[in-house]
Every structure is written in structure tokens, then in C-alpha cells.
Amino acid sequence: MTSKFSIGLAAKGAGWHAGADAVGSFAPQDPAAWAKLAQAADEAGIDVLTIEDSLAPLGTSASFDSFMLTNWLAPQTTRIGLVPTATTSLLEPFHTATAVATLDYTSEGRAAVRLRTGGFASESAAVGREDTLGNIREARALPTEEFERLIADRFGEGVEFAEVVRLLWDSWEDDAEIRDLATSRFIDRERIHNPEFTGKHFSVFGASITPRPPQGQPPVFSLAHTHTPYRFAAVTADVVLITPETEGTLEEIRAALAAGASAVDRQGSPLKVWVDYNILIADADDADDDAAARLAELDAAGGEFVSDAGLIAGTAEQVATRILELRDTGIDGIRVRPLVTDRDTEAFISEVLPKLRDGGVEVAEGANLRERLGLVPAANRFVATPPFTANAASVTASTEEISA
Amino acid sequence: MSEQHRQIHFAAHFPGVNQQTIWSDPNAGSQIEFESFRRFAEIAERGVMDYIFLAEGLRLRERNGEILDLDVLGRPNTVSILSALAAVTKHIGLVGTLTTTYNEPVDLARQLRSLDVLSNGRAGWNVVTTTNAFTGANFRKGDHLPYPERYLRAQEMISALEQLWETELGETTTLDSRYFQATATQTLPASPQGRPVLVQAGASGEGRDIAARNVDVVFSMFGEFAEGQKFRTDLDERLEHFGRNAEDLKILPAITLAIGDTEAEAQERAQAIRHAQVSGPNAIYFMEQIWGRELGGVDPDGPLPDFDPVPPTHATGRVPHYGDVEERTALVNQWRAESEAKGLSLRDLAVREYGRPSLVGTPEQIADEIIRRVDERACDGFTLVGDIVPDGLAEFVDRVVPILQERGAYRTEYPENATLRELLGSAAAPSVPLETPERV
């Protein structure tokens with residue numbers, strides 16, 4: 001097992017810049033475009049491909065249901081991890097658990113999932129629910145008390161969701177299927193465990209309909225910007241995506257994450273920390289096509305670039321140098337968000353990645369995605385100690401530092 | 001090809017969670033590994049069939065409060081596995097059973113449209129309503145609907161999905177009905193077949209009306225000749241009532257197969273298959289549903305128990321209906337007489353009673369029978385249920401299909417880029433508008 005520097009690619013429609021639809025040539029409504037993107041990233045040794053997802057449109061781009069898209073991509077790729085997005089305030093944990101488990105079967109051990117606690121009012125409207133929080137970054141402008149109440153509800157629901165999904169993955173022991181001819185039993189029912197979960201937001205009684213997936217527990221990702229989400233990640237996730245520059249320095253965020261992990265008493269396998277960055281890669285040979293000019297063109301088409309994450313823009317050389325600097329701080333990985341899906345991904349793969357390899361970022365080896373991401377094997381909580389434990393109740397127990 | 005035959009349609013049912021699937025056979029493969037699904041799909045596509053059909057069950061079945069361990073257990077998420085299959089198949093339709101009860105219309109519409117676009121117009125939805133609190137215990141809305149309401153909700157769900165599927169990328173629509181209030185903007189382009197094919201299995205009057213009004217295929221339980229014709233006639237009348245052409249609704253009853261080189265060999269095989277399906281413990285489990293009580297200690301290979309059935313004392317996740325205690329007692333008395341006269345054991349009777357309609361015979365006999373039933377409108381083809389995963393339909397594809405093709409009753413290849421609805425040769429039903437809410 002290696003524990004090196006992981007590289008993720010985050011795909012969102014035509015790109016992370018709102019102008020990408022107009023300026024870029026990626027056609028997110030065309031399945032073939034996604035197959036080509038995933039195969040290129042797969043061949044290049046990128047560790048995971050994450051797919052943004054929402055019941056409401058992501059900008060003007062088309063967006064497939066990320067579980068359908070990743071399952072479709074699974075048989076067309078061989079090594080890359082596939083990461084759909086589940087919004088915990090909108091979906092059923094039972095369906096999400098079986099969908100990720102199925103992806104782990106169709107990809108033969110390459111499934112992961114990103115849990116997202118909520119989104120925009122338009123997404124809540126799509127399931128006929130009243131929006132209680134809206135976008136969390138906007139909600140931070142609310143009076144502290146109100147914000148804390150709202151966030152406690154949403155994250156409380158998210159914690160329950162994650163707990164149920166993990167319980168369902170473990171609800172079958174790996175050897176539950178016995179096919180015992182002597183007793184005519186297909187399974188040993190003693191090796192199947194109903195979660196019998198009752199929470200504040202929902203309850204889920206029965207075991208999964210899908211046997212335990214090949215990885216046991218597919219990796220869980222969480223994008224976090226502030227303290228409650230840091231604690232949420234420490235309780236629910238294997239990998240946290242953080243956003244230096246927009247939410248403090250890398251050192252400050254890592255300190256806050258450590259405080260969060262300690263507040264929820266996370267024991268066992270530590271949270272992997274990846275940074276999330278937008279990238280824009282300019283053509284070094286074209287004097288008129290520098291990063292500033294490309295950004296200006298995108299801004300002209302889609303409005304000024306606004307993001308929850310920082311931007312690394314420059315030539316391939318500059319971008320690679322910046323990523324290697326980040327690697328040298330000891331973080332576990334980076335997820336890049338191409339401002340224009342096809343162009344910036346192609347440039348990243350053909351120009352930046354070779355420089356990262358030269359700089360010592362090796363292609364991770366391992367039998368499945370967990371191993372390639374440096375995660376310990378996932379023992380089943382019903383028979384052994386799971387990879388990590390934490391106190392779920394403390395995610396929303398105290399939020400005073402949010403107002404600080 | 002002198003005779004003119006009606007064209008036959010086939011669906012391939014992936015053998016799943018029930019006693020039909022023989023897991024004890026040495027050739028039985030995994031029920032969950034993707035390779036099983038890939039191979040199953042290859043065989044069905046080699047057989048030029050219309051679609052692959054997957055069932056759904058959202059809670060593991062139980063017996064006396066314990067998980068049922070005698071039959072196959074475990075299956076993938078329906079739409080997810082179909083999406084993966086879309087990537088490894090080219091022509092065949094992909095139809096999944098998805099409940100209207102534990103899904104939000106916008107989410108379900110988007111999943112199915114995603115599958116439809118990713119598969120280039122090959123998606124279908126088998127519409128079911130889930131009515132038990134047993135399954136509801138796994139979902140946010142743990143409650144269940146009273147029986148009459150399930151069809152209201154099913155119709156609303158179909159109408160809601162059609163309304164959502166009619167919007168173009170970026171277009172916003174509002175659902176406002178008794179069960180659904182939502183506003184959604186379309187995130188996907190249209191699929192080549194406009195909207196996914198609809199399949200339904202309801203046999204009740206309300207269920208038949210839902211079918212006649214909305215769907216493209218009925219997955220019926222009427223696999224025998226006479227009952228099939230009767231069902232067809234009834235549906236034809238309902239179709240006319242809703243202003244639809246009879247040819248636009250296909251009826252594909254579920255059927256199992258036993259093929260042999262001679263008729264005797266086929267009969268022997270059919271019997272062997274049923275015995276493999278109904279193990280001793282499985283026979284006891286089946287008979288417990290007739291007796292309404294536990295039959296621990298009863299010998300399956302011995303005579304019938306000498307006590308009478310009682311009102312049911314245990315619930316299961318299985319749904320056979322054998323009537324009230326008087327009806328079941330009458331049935332048991334009749335069996336006792338037969339058992340004594342013919343020396344039948346409890347298991348022999350279970351084997352006989354468990355059996356689904358089957359096509360049993362030589363390849364020629366089976367081909368003749370299929371052609372006869374389709375020509376005489378007892379059905380439009382079949383939903384073929386193999387007994388072994390994943391190769392259960394291979395023999396049918398390799399031995400029966402060529403005969404049907406030779407006789408001009410079945411396509412020899414897929415038309416280029418055909419959608420599932422084009423394979424079925426049907427026009428979609430006019431969409432039924434979502435009704436004005438009468439909120440309770």
C-alpha cells in the first residue's frame with residue numbers, strides 16, 4: 001500500500017467557469033464526451049473522477065444523474081476511481097447505499113461517493129420541500145443563532161445519512177452467501193445484520209438488498225469550508241476536500257480540521273486531506289493566450305469568476321510548480337477543477353501531469369481504490385473494528401466557534 | 001416463410017430473488033458480480049430480444065421475523081446496474097422495476113432519462129407501487145398507502161414523469177397534484193425515443209386501466225393460452241376506451257422453459273428443474289403459507305400433516321394469496337385425497353403447485369407453440385425467465401430462436417440504431433395530464 005499524493009479530477013458540466021458553455025467545446029449533454037474524458041483521465045493515472053450532481057441545473061450545462069453516469073463509465077474504464085455526488089437532504093440513504101455498492105461491483109472496487117449535505121433552494125423545490133438553509137456560504141450572512149440552528153439540522157441529517165449508508169454497506173458480512181447444499185440454505189442469516197437505525201431525521205430498519213461491496217466501505221469524500229463541516233467530515237468521511245485561500249491559509253485550515261477531529265473524537269484511520277483548486281492552463285507557446293487573457297475571455301462570456309475554491313492559473317510549468325509546492329506541505333492529494341472541462345483537462349493530462357511525475361508524484365498502486373488512496377482495508381463493524389470511529393452527536397453539539 | 005406470422009417479442013428476465021432461480025446447480029453463477037449481468041445481456045442480445053428485465057425488492061424477505069435463507073438473496077440497485085449494462089450492449093432495451101412509492105418524481109424522471117440518453121434510447125420503466133409497511137421501514141416515509149390510493153398515486157407518478165420528460169433542457173415545469181408539488185428544471189437533453197418505454201404488471205381492474213391508458217408493455221401472469229386470450233380481449237376493450245390502438249400495447253407474460261431432444265426428455269427436465277427449485281425446506285416453507293403456521297418437524301418427503309390450516313400467524317415478504325382458512329382447508333382436503341390416491345408427498349405437491357406456466361418440449365414444439373400463441377393473440381411474446389444465472393436462456397437462444405427466425409416470425413437482426421419503442425413497434429400512449437389537486 002502506498003500513501004503518496006493523490007490526484008483527482010472534478011468534472012462539472014462544460015467547466016467550473018460559467019463562461020465554459022460558451023467558450024469551451026465540451027458537450028456535457030453528449031455521453032461520448034464523458035466517456036472520452038473518463039478514459040483519458042483513466043489512462044493518465046488520475047486517481048479519481050468526481051461528478052458534480054444536483055437535481056437542479058448546474059449553470060446552463062446539461063448534467064446526468066451522477067450515479068447513472070458513473071455506472072455507465074465503470075465498464076469503460078479500468079483503474080480510475082468513480083465518485084458520484086449524493087445530496088443527503090434530498091435522497092434516500094437506502095437507495096444511495098445500494099447505488100454506490102452497485103458501482104463498486106460494476107467498477108470492480110473503484111467506487112467512492114461524495115456526500116453533500118444540501119444545496120440550493122432550487123434543489124429543494126425539485127422534491128417539493130421547503131428550503132431551510134439554502135447555500136451554506138450565503139447562509140453564513142444570517143444572524144449567528146439562526147445560522148447555527150439551520151446548520152445543525154442539515155448536518156444532523158447528513159450525519160445520520162452517512163451512518164445509515166455505512167451500516168447498510170456492512171449489513172452483509174463478506175461471507176454471508178454460503179450456498180450450502182446440505183441444508184438448502186443460500187445464505188447464513190446470522191451473517192446479515194439489520195441496521196435497525198432510528199434517528200431524529202429518519203429511520204431505516206432492514207439490511208441492504210445488495211451484498212457488501214468489494215471494497216467493503218467505498219471511500220467517502222466530503223468538501224468542507226468551515227468548522228461544522230470539518231467535524232462532519234471527521235465523523236463521516238475518509239477524504240476531506242478543503243479550500244485554502246478562500247477559507248484561511250492551509251495551515252489554519254489544517255489546524256481547524258485537527259481541532260474538529262479531536263472534538264468528535266475520531267479514532268483509527270485519520271482523515272485524508274486533499275486541497276480543492278480550480279485550474280486554468282495557458283498555452284506557453286502562444287503569447288496572446290496567457291492565463292489572464294483566457295480568464296478574461298471566460299469572464300466576458302459568463303461573468304466574473306466566483307468560486308468557493310482558489311484558482312491556480314498559468315502555464316503548465318507554473319501550475320505544476322504550484323501543485324508540487326502544495327504536495328510538499330504534506331497534504332494527501334489535490335482535486336483539480338478545470339475551468340473548461342475538455343481544454344483544461346487535456347492540458348493538465350498532457351502537460352502538467354508529466355511534470356508532476358518528474359517531481360516525484362508516482363502512480364499509486366493497489367488492488368482497489370481504497371488501497372490506491374492509502375486507506376486501510378475496511379473491516380466490517382459487525383465483526384471487527386471499523387477503519388475509524390467518531391462521535392456523531394458532537395458534530396452539531398457545539399457550534400460556538402462558528403461565530404468566532 | 002410461406003405463412004405470414006405476427007412478429008414475436010421477447011424480454012429476458014434476469015433470474016433473481018425467488019425460488020425459480022436454481023442456485024444449487026453447479027453451473028449457477030454469481031447473482032451480483034457484473035460479469036453475470038454482462039453475460040446475461042450478451043445472450044439476450046444474441047437472441048435479438050427486445051429488452052432485459054430486472055425486478056426490484058427493497059427489503060430482504062423474511063419468514064417468521066427472520067431473513068429467509070432458502071432462496072437467492074441479494075441484488076444490485078436496479079437503475080445503476082442497467083446503466084452499466086448500457087455501456088456493454090448496443091441494441092437491447094434495458095427495463096427496470098422501480099417503485100412509485102419510495103422515489104421522488106423529479107429524481108426518478110432524471111435517473112430514467114439519464115439511462116435513456118446514455119443508452120441512446122433503450123430505457124424502460126416497469127411501474128410498480130409498493131404497499132407494505134415492511135418495505136417502508138427502510139425509507140424516510142415509512143408509511144404505506146391504503147390499497148385504493150396506490151393506483152391514484154401510480155397514475156400521478158406516471159403523469160408527473162411524462163410531464164417532466166416532455167420538457168426540454170433548461171425548461172422549468174411545476175408539478176401540482178394530490179401527491180406531488182415540485183418545481184424542476186430539465187437538466188438533460190431529450191432521448192432518441194422521446195421518453196422511456198413504460199411496462200406494468202397489474203392484473204386488477206385498476207391495474208389494467210393504468211396499463212391500457214399509459215403503458216407500452218404488460219408483463220402479465222397469464223401465461224396459459226385461454227387465460228391469455230381472455231386477458232388480451234379485456235385489454236383490447238380498455239385500449240379502445242382510452243382511444244389507443246391494440247398493437248401499441250404488447251403483452252409479454254412471464255414463462256419458464258424446459259427444452260429437450262425429445263418430448264419425454266423435456267418433461268423429465270421440467271420435473272428436475274422444479275425439484276431443484278423446491279428443496280425439502282423450501283417445500284415446507286411453501287406449505288407453511290397454506291397451513292398458516294409453522295411446520296417444523298414435518299417431513300417434506302412424507303405425507304401431508306394430519307392437522308388443518310389455521311388463520312395466518314406469521315407474515316412474510318412474499319405475496320402469494322391462497323385465500324382464507326376455509327379455502328385453504330378445502331385445498332388441503334383435496335390434496336389429501338390426491339396424495340393418498342397417487343402416493344404424492346408434501347414436496348411432490350409443492351413442486352406441482354409452485355410451477356409457473358412453462359414451455360416444455362423440443363425446440364420445434366416450443367417454437368410451434370410460441371408462434372401459435374402469438375398468431376392467435378394469446379400474447380405478443382414472452383418475458384422469458386431462465387432458471388440459472390447467467391446462462392439460463394442460452395439454450396433457448398441457440399436452439400429455439402433460429403427456428404422462429406426461419407419461419408419468419410422473429411427478427412434476424414436488430415435494425416440500425418433502433419430505440420426500444422421501435423423494437424416493440426409501438427407508438428407511445430398520449431400522455432395523461434397531471435390532475436388538479438384535491439388535497440386531503
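**Rings and cores**

Mentor: Gladly. In this predicted model, R293(B) lies over the face of F307(B), 4.0 Å from the ring centre.

Trainee: What makes R337(A) count as lying over the face of W16(A)?

Mentor: R337(A) is 4.4 Å from the ring centre of W16(A), and the distance cut-off is 6 Å. The charge must also be within 35 degrees of the ring normal. R337(A) is listed as lying over the face.

Trainee: How many aromatic pairs are there over all chains?

Mentor: The count comes to 15. One of them is F14(B) with F40(B), at 5.1 Å centre to centre and 80° between the planes.

Trainee: Why is the pair of F14(B) and F40(B) called edge-to-face?

Mentor: The centres are 5.1 Å apart, and pairing requires them to lie within 6.5 Å. The planes are at 80° and edge-to-face means over 60, so the label applies. The partners are 26 residues apart, with F40(B) in helix 1 of chain B and F14(B) in the loop between strand 1 and that helix.

Trainee: How do you know whether F14(B) and F40(B) are buried or exposed?

Mentor: Buried means under 20% relative accessible area. F14(B) is at 5% and F40(B) at 4%, so both count as buried.

Trainee: Which residues touch the most other members of the largest nonpolar core?

Mentor: Among its 194 residues, they are F348(A), W125(B) and F396(B). Helix 7 of chain A gives the largest share, 11 residues. Another core, of 20 residues, lies apart and includes M287(B) and V298(B).

How values were computed
Residues numbered from 1 in each chain as written. Chains lettered and ligands numbered in written order. Predicted model: local features only at pLDDT ≥ 70, side-chain atom pairs only at ≥ 80, totals over all residues. Heavy atoms only, no water. Phe/Tyr/Trp six-rings, centres within 6.5 Å; stacked < 30°, edge-to-face > 60°. Helix = DSSP H or I, 4+ residues; strand = E, 2+ residues; numbered from the N terminus. Buried < 20%, exposed > 50% of the residue type's maximum accessible area, 1.4 Å probe, protein only. Core = buried A, V, L, I, M, F, W, Y, C linked by side-chain atoms within 4.5 Å.
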